[in-house]
Amino acid sequence: MKNAKWIVLLSCLITVALLACCFIFPFSRTVEAGGTNLITVEFNDSFDRAVVENAMREAGATDVLVLKQVSRTGNTSFEEGTSAQIYFSVPDGTEAKEVYDKAEEILSQTFAFKYPGTLSTLSASLTKQSVISLWPVLIVLVVLLAYAALRFGIRTGVIAAALTLMTGIAVLGVTAIARIGLSHYTIAALLGTAALSELFVFLFAFTKRDFAKRTAGNVTEAAAKRVTVFAVLLSCMAIVGLVSVLILGNAALKGFALTALIGTVFSACAAVFTLPALASLLSKAN
Amino acid sequence: MKIRDMIRLIVLVLVVVFLGLWAFGGLEGVTIGTTRFLRWDGIFRKGADIGSKYTAIYTISAPEDAGNFDVSAATLNAKRIFEKRLNALGAEGVLVRQMNGNAIRVELPGATGSSEVDEFLHNPGLFKVTQGDDLIFTNKDVKSVKMVGYDATSGQVYVDVHLNNDAKERLANLTGPGTGSLSISMDGTEVSATYSSSETIKNGVMRLPFSTSNYTKALMLAICVDSGLIDATITVSDGMQTEGSASGNAADVLGIAALAMVLVAVVYLIAAHKLLGVSAAISLLISVIALDFFGATFTWLRVNACGAAGLALSILIITMAHIAALFAVRQQFALGKSLTAALDDGMTGVRAQLLELLAIPAVIGIGLWIAGGDVSAFGIALFGGSLLAAASSLLLIRHIAKIFIGIGLSDAAAYGLKRGE
């Protein structure tokens, strides 16, 4: 394959750059996985949760969770109250009080407050929850890499590891740059795209083995071409689906779709460009 | 033969159209016989992050006079205990997430049935057995607590408290003829008036009787004490609260996304593989409908964000398997085989390869299903999708293509096949 080493070098550079971005740009804080501030507000009348959320975001909050107090009036019925608990995260270096005061100013144009509330900051340590959720996934990914290496040889294992790492780092790097908060949606997206990357490598390995049985030509290139067809089609399908979610979905789903979209694009690029280049380089080295 | 295949094709198309309409909401509100079709997403068991949800936030703080207290460790411990209690209650699709270092966010799917759950969560589970003013047993003496259930003979509900070895002997000394009664309390409230036994209990099991009207108290004792003691102060954030309908359209949006994905695949299949692609497209549609029914009926699958990601990946895997099967048929035809032989040999040749390829996501799916915790829905969806991919790509495409051949469409060019490709 022409320019194989340049493609691999470029892929490595992009991966390293995005890895650096993970450290340079701090991940956007979310209520789920970052420093959280809490304020309990009492309005004079009922309020719209979405309006409060939008006001908080407009004021500079990176993530907001508004809980409306309800009281049970029957087995399946509730009466909505007038008080809200607002959990919100702010960017590093920004005072939570500043953000809330600004939001209060915006909100006071729509709602009257009975009790504006006092602000309290909850512990700001990054939750271990996201990491805890990830461990079975990480184990599965490692087992898959080991299987790829045992079944198809160490080179396939190396390719699978490289592609999975590249996709994972790319997703995290762009997530950091784009200020998409880390949450369980991000983890779901990361999981899906890492699995997609490994799927492409397995497809490549199976196709290559199949071609090797029947032809004497350059099976690496032929298998890579076949995988390109799959990668382009499957990625197009995923992109169309994710763009629909991005256009029509709510804020939480948009974060999920955007992360998955980034992952899909990177896993497709890795399958189309990096995979054949790396396979070709490793074949030559052998 | 030709007429029979024509009838087969018509029946197949009608069945696919009917099931497709049914699965994706075209029959919503229509009544056939006694069956009234539901809104398309009404049949799914949606996760708390996709459907409507009920949220409560529990804040963990140091107990009074606790001195040097690790709130973060206590929160993590409380979260584990919450999960145990919710599991014991059989609550489904609940999301329990640690928020910061000192809060736990519990999300329950649907908008009802939460205050009962809350009762089981906000109790620390402090268990005490006393005799007069003497404290006899506490949580550290308890090995496990099991709900025995209702006994028709006595008309009472029983809970067994299994004590550990150190406490067994003390229990034996406190029971038997002429011994006094023991008081049982949980979180400072007496839950069963007295416990006494005229026989010496040597096996370390205290069988506590409750009247049937106190069934919930018995269950609470069994679940809260068995799951462990939350040695901290738990504050539920001003009662139960709801997040409203922020994710109300999520199911519709995910449905539209899935249809858009399938549409892209169908367009590619027909454009690139012609009649063979049409066979694969019909097979793909059947698989997606089957996936929809799998999602709706498979008891363990709750469609949350991870489940939706798994279902989307399943559609990609099903498409991949279909295209791999088509390539195998094309390869056989290119080698000089007849259309029917290429179909048969192609499918047979690709069988082992596809089964091995699809076994990987299926095994991963089972692994994540069992040990995946928060992402187990992803595993279940992946497992179901892989099985459907194998079944449809290896069985359906060939049969549908043969129906086309049977009705006289036997020109290889119409199937997009070329010699020496």
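## A tour of a predicted two-chain model

K274(B) is partly exposed, because its relative accessibility is 45%, which falls between the 20% and 50% cut-offs. The model is predicted. K274(B) sits in helix α6 of chain B, which covers residues 250-297. Its phi is near 50°. That is a positive value in a residue other than glycine.

D187(B) belongs to a loop, the one between β10 and β11 (189-195) of chain B. At 24% relative accessibility, D187(B) counts as partly exposed.

**Buried spots in chain B**

Now look at strand β10 of chain B, residues 182-186, where I184(B) is found. Is I184(B) buried or exposed? I184(B) is buried, because its relative accessibility is 0%. Take F137(B) as a landmark. I184(B) and F137(B) are 47 residues apart along the chain, and their C-alpha atoms are separated by 9.3 Å.

D141(B) lies in a loop, between β7 (134-138) and β8 (142-151) of chain B. D141(B) is buried, because its relative accessible area is 5%, under the 20% limit. What does D141(B) touch, leaving aside neighbours within four places in sequence? The contacts are I136(B), L163(B), N164(B), A167(B) and R170(B).

The table sets five residues side by side.

| Residue | Relative accessibility | Class |
|---|---|---|
| I184(B) | 0% | buried |
| D141(B) | 5% | buried |
| F211(A) | 9% | buried |
| D187(B) | 24% | partly exposed |
| K274(B) | 45% | partly exposed |

**Chain A as a whole**

Chain A has 8 helices and 5 strands. From the N terminus on, they run α-β-α-β-β-α-β-β-α-α-α-α-α. Of the 286 residues in chain A, 52% are buried. Chain A exposes about 12600 Å², and carbon and sulfur atoms supply 65% of that area. Contacts reach across the sequence as well. Among contacts in chain A with a separation of 6 or more, 75% join residues 24 or more positions apart.

Follow helix α5 of chain A, residues 154-177. This helix has 24 residues and reaches 34 Å from its first C-alpha to its last. That is close to the 34 Å expected at 1.5 Å a residue. After α5(A) comes R179(A), with a positive phi near 60°.

Next is helix α6 of chain A, residues 184-214, which holds F211(A). F211(A) is buried, because its relative accessibility is 9%. Which residues does F211(A) touch, not counting those up to four places away in sequence? They are V219(A), A222(A), A223(A), R226(A) and, from the other chain, Q331(B).

**A cavity lined by both chains**

How many cavities of 30 Å³ or more does a search of the whole structure find? The search finds 5. Three helices each supply at least two lining residues: α6 of chain A, plus α7 (305-334) and α8 (339-371) of chain B. The lining divides into 11 nonpolar residues, no polar ones and 1 charged.

Key
Residues are numbered from 1 along each chain as its sequence is written. Chains are lettered from A and ligands numbered from 1 in the order in which they are written. This is a predicted model: local features need pLDDT of at least 70, side-chain atom pairs count only at pLDDT 80 or more; totals for chains, interfaces and linings use all residues. Side-chain values use heavy atoms; hydrogens and water are left out. Helices (H or I, at least four residues) and strands (E, at least two) are DSSP runs, numbered from the N terminus. Buried means under 20% relative accessible area, exposed over 50%, partly exposed in between (1.4 Å probe, protein chains only). Contact means heavy atoms within 4.5 Å. Accessible areas come from the Shrake-Rupley method with a 1.4 Å probe; for residues, only the protein chains shown count as cover. The expected span of a helix is 1.5 Å times one less than its number of residues. On a 1 Å grid over the protein atoms alone, a cavity is a set of points where a 1.4 Å probe fits but cannot get out, and a pocket is an open set with protein on both sides within 12 Å along at least five of seven lines; lining residues have an atom within 4 Å of a point. Grid points are joined across faces, edges and corners, and a volume is the space filled by probe spheres set on the points. Ala, Val, Leu, Ile, Met, Phe, Trp, Tyr, Cys and Pro count as nonpolar, Asp, Glu, Lys and Arg as charged, and the others, Gly among them, as polar.
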